[in-house]
Every structure is written in C-alpha cells, then in structure tokens.
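Subject: Structure for you to look at

Hello,

Here is the structure I said I would pass on. My notes on it follow below.

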Amino acid sequence: SFTAADFADKVRPLLMRRCGACHGPDAQEGGLRLDVKRRALLGGDTGPAIVPGRSHEGELMARVAASDEVKRMPQGDEALSADEIALLRRWIDAG
C-alpha cells in the first residue's frame with residue numbers, strides 16, 4: 001500500500017519531472033493538470049486521468065503505457081521506464 005510519504009518521495013517527483021512541464025502549474029495541455037489532486041482526478045479533455053483503485057480505467061496509464069508514439073506520453077520525450085509505469089500503476093491501484 002502507499003502512504004503519503006511514498007507519494008511525496010516517489011510519485012509526485014516522477015509526475016513533476018516527466019509530466020509537469022505540460023500538465024503542471026504553468027501549462028495544462030489538453031486541460032489536464034497533475035500537480036493538484038482535485039484537477040488530476042477531474043482529468044482533461046479526453047476524460048478522467050486517474051480513477052483511484054482502477055488504473056486500467058484512467059487516461060494517465062493508457063497514455064504513459066501506449067505503444068503508439070502519437071498517443072504515448074510524454075510526447076516528444078523518452079517513454080517512461082517499466083519501473084516508472086509500474087510505480088504509477090501501484091499508486092493508482094492503491095486508491
């Protein structure tokens with residue numbers, strides 16, 4: 001299970017490092033902002049980004065794990081590693 005410390009130490013830094021430039025305080029591409037919980041749960045133009053407890057239903061996991069480079073996030077950057085994707089999946093599935 002995930003604790004607040006796990007989120008603060010592992011998940012939030014990953015989201016800000018890999019997603020924050022386009023989905024953070026300065027830019028919200030596609031209407032998605034990931035640095036504010038309420039906004040992250042609301043999602044963006046394509047629907048909910050994060051569905052707590054159900055990683056397979058949110059757009060975040062679909063995008064970071066996509067094999068299609070047009071859909072995969074972060075666009076124009078190296079794909080997240082298998083470990084980074086697994087961390088996000090465990091965090092979301094933990095609720």
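In this predicted model, R18 is a buried residue, because its relative accessible area is 14% and the cut-off for buried is under 20%. R18 sits in helix α1, which covers residues 4-18. What does the side chain of R18 make a polar contact with? The partner is the side chain of E84, at 3.4 Å. The pair also counts as a salt bridge, with the closest N and O atoms of E84 and R18 3.4 Å apart. This bridge links distant parts of the chain, since R18 belongs to helix α1 and E84 to helix α5, 66 residues apart. Both E84 and R18 are buried. If neighbours within four places in sequence are set aside, R18 is in contact with P74, D77, E78, A79, L80 and E84. R18 and E84 also belong to a network of salt bridges that includes R17.

Other salt bridges

How many salt bridges does the structure hold? There are six. One of them joins the side chains of D6 and K10, at 3.9 Å from N to O. D6 and K10 are four residues apart in helix α1, so about one helical turn separates them. K10 is partly exposed, because its relative accessible area of 46% falls between the cut-offs of 20% and 50%. Another salt bridge joins the side chains of R54 and E57, at 2.8 Å from N to O. R54 has a relative accessible area of 39% and is partly exposed. E57, at 43% relative accessibility, is partly exposed too.

Cysteines

The structure holds zero disulfides. As background, a disulfide is a covalent bond between the sulfur atoms of two cysteines.

Two prolines

P74, already listed among the contacts of R18, is found in the loop between α4 (59-64) and α5 (82-93). The peptide bond from M73 to P74 is cis, with omega near 0 degrees. For comparison, most peptide bonds are trans.

P52 lies in the loop between α3 (37-42) and α4. With a relative accessible area of 41%, P52 is partly exposed. Which residues does P52 touch, not counting those up to four places away in sequence? They are L41, I92 and G95. P52 and L41 are eleven residues apart along the chain, and their C-alpha atoms are separated by 8.2 Å.

The nonpolar core

In soluble globular proteins, nonpolar side chains tend to be buried together. In this model, the largest nonpolar core has 18 residues. The residues with the most contacts inside this core are L15, L34, I50, L60, V64, L88 and W91. Which elements give two or more residues to the core? They are α1, α4 and α5. Of the elements, α5 gives the most, with five residues. L88, one of the residues with the most contacts in the core, touches V11, L14, L15, M61, V64 and L80, leaving out residues up to four places away in sequence.

The chain as a whole

The secondary structure comes to five helices and zero strands, so the pattern along the sequence reads α-α-α-α-α. The radius of gyration is 12 Å, close to the 12 Å that the globule rule gives for 95 residues, so the chain is as compact as a globular protein of that length. Taken along the principal axes, the C-alpha atoms fill a box of roughly 35 × 25 × 25 Å. Of the 95 residues in the chain, 34% are buried. Among contacts between residues at least 6 apart in sequence, 39% join residues at least 24 apart.

Regards

Methods: Residues are numbered from 1 along each chain as its sequence is written. This is a predicted model: local features need pLDDT of at least 70, side-chain atom pairs count only at pLDDT 80 or more; totals for chains, interfaces and linings use all residues. Side-chain values use heavy atoms; hydrogens and water are left out. Buried means under 20% relative accessible area, exposed over 50%, partly exposed in between (1.4 Å probe, protein chains only). A polar contact is a pair of N or O atoms within 3.5 Å; within protein, one must be able to donate a hydrogen and the other to accept it, and residues adjacent in sequence count only if both atoms are side-chain atoms. Contact means heavy atoms within 4.5 Å. A disulfide is a pair of cysteine sulfur atoms within 2.5 Å. A salt bridge is a side-chain nitrogen of Lys or Arg within 4 Å of a carboxyl oxygen of Asp or Glu. A nonpolar core is a set of buried Ala, Val, Leu, Ile, Met, Phe, Trp, Tyr and Cys residues joined through side-chain atoms within 4.5 Å. The radius of gyration is taken over C-alpha atoms; the globule rule is 2.2 Å times the number of residues to the power 0.38.
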